[in-house]
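Have a look at the model, then read on.

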Amino acid sequence: MTPLMKRVAWGVGALAVLVYAIEGGEYGTSDLLTQRDRKAALAQNVDMLAEDVDSLRAELKAVTSDPVRLERMAREEWGMVRGEKELLYRMRTDTSRAP
């Protein structure tokens with residue numbers, strides 16, 4: 001083997017080791033870039049969930065502290081009436097019958 005061939009072999013070997021150190025293994029550059037993108041997506045998801053939690057907390061506070069809103073919800077969602085003087089009429093519309 002000539003000295004030039006030995007230098008080329010060492011250079012190719014060093015280059016192979018360098019490429020493996022950068023790209024090879026569990027924590028290669030492509031894996032790190034993928035993990036960075038995933039971290040950004042998860043952070044965005046956390047922000048959206050935090051906004052949802054804040055709005056739900058505001059809704060809970062409004063429902064538990066505002067009697068007018070609570071009464072409206074009871075009337076609209078559960079069909080409740082106040083006292084015995086009110087009557088609830090439910091109209092049933094049946095569109096399957098012909099006139």
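Which element of the chain has the lowest mean pLDDT, and which has the highest? Helix 3 (residues 67-78) has the lowest, at 83, while helix 2 (residues 29-65) has the highest, at 93. Here pLDDT is the predictor's confidence in each residue, from 0 to 100. Keep in mind that this is a predicted model, where local features need pLDDT of at least 70, side-chain atom pairs count only at pLDDT 80 or more, and totals for chains, interfaces and linings use all residues. Residues are numbered from 1 along each chain as its sequence is written, and side-chain values use heavy atoms, with hydrogens and water left out.

**The overall picture**

- The chain's mean pLDDT is 85, and 89% of its residues reach 70 or more.
- You'll find three helices here and zero strands, so going from the N terminus the order is simply α-α-α; both kinds of element are DSSP runs numbered from the N terminus (helices: H or I, at least four residues; strands: E, at least two).
- Of the chain's 99 residues, 6% count as buried (buried means under 20% relative accessible area, exposed over 50%, and partly exposed in between, with a 1.4 Å probe and protein chains only).

- Helix 1 has 21 residues and reaches 30 Å from its first C-alpha to its last, close to the 30 Å expected at 1.5 Å a residue (the expected span is 1.5 Å times one less than the number of residues).
- After helix 1 comes glycine 25, with a positive phi near 80 degrees.
- Leu15, Leu18, Val19 and Ile22 make a nonpolar surface patch of about 370 Å².
- Patches take residues with over 30% relative accessible area and no salt bridge, joining like charges within 9 Å and nonpolar side chains (Val, Leu, Ile, Met, Phe, Trp, Tyr) within 5 Å.
- One of the patch residues, valine 19, lies in helix 1 (residues 3-23) and is partly exposed, with a relative accessible area of 47%.

**Salt bridges**

- How many salt bridges does a search of the whole structure find? It turns up three, each being a side-chain nitrogen of Lys or Arg within 4 Å of a carboxyl oxygen of Asp or Glu.
- Glutamate 59 pairs with arginine 69, their closest N and O atoms being 2.8 Å apart. This pair links distant parts of the chain, with glutamate 59 in helix 2 and arginine 69 in helix 3, 10 residues apart.
- Both partners are partly exposed: glutamate 59 is at 33% relative accessibility, and arginine 69 is at 24%.
- Glutamate 71 forms a salt bridge with arginine 75, with the closest N and O atoms 3.1 Å apart. Because they sit four residues apart in helix 3, about one helical turn separates them.
- Glutamate 71 is partly exposed at 29%, and arginine 75 is partly exposed too, at 31%.
- Arginine 72 and glutamate 76 meet through their side chains in a salt bridge (3.6 Å, N to O). Both lie in helix 3, four residues apart, about one turn of the helix.
- In that pair, arginine 72 is partly exposed at 42% relative accessibility, whereas glutamate 76 counts as exposed at 56%.
- An α-helix has 3.6 residues a turn, so residues three or four places apart point the same way.

Terms used. Areas by Shrake-Rupley, 256 points an atom, 1.4 Å probe, with all protein chains shown as cover.
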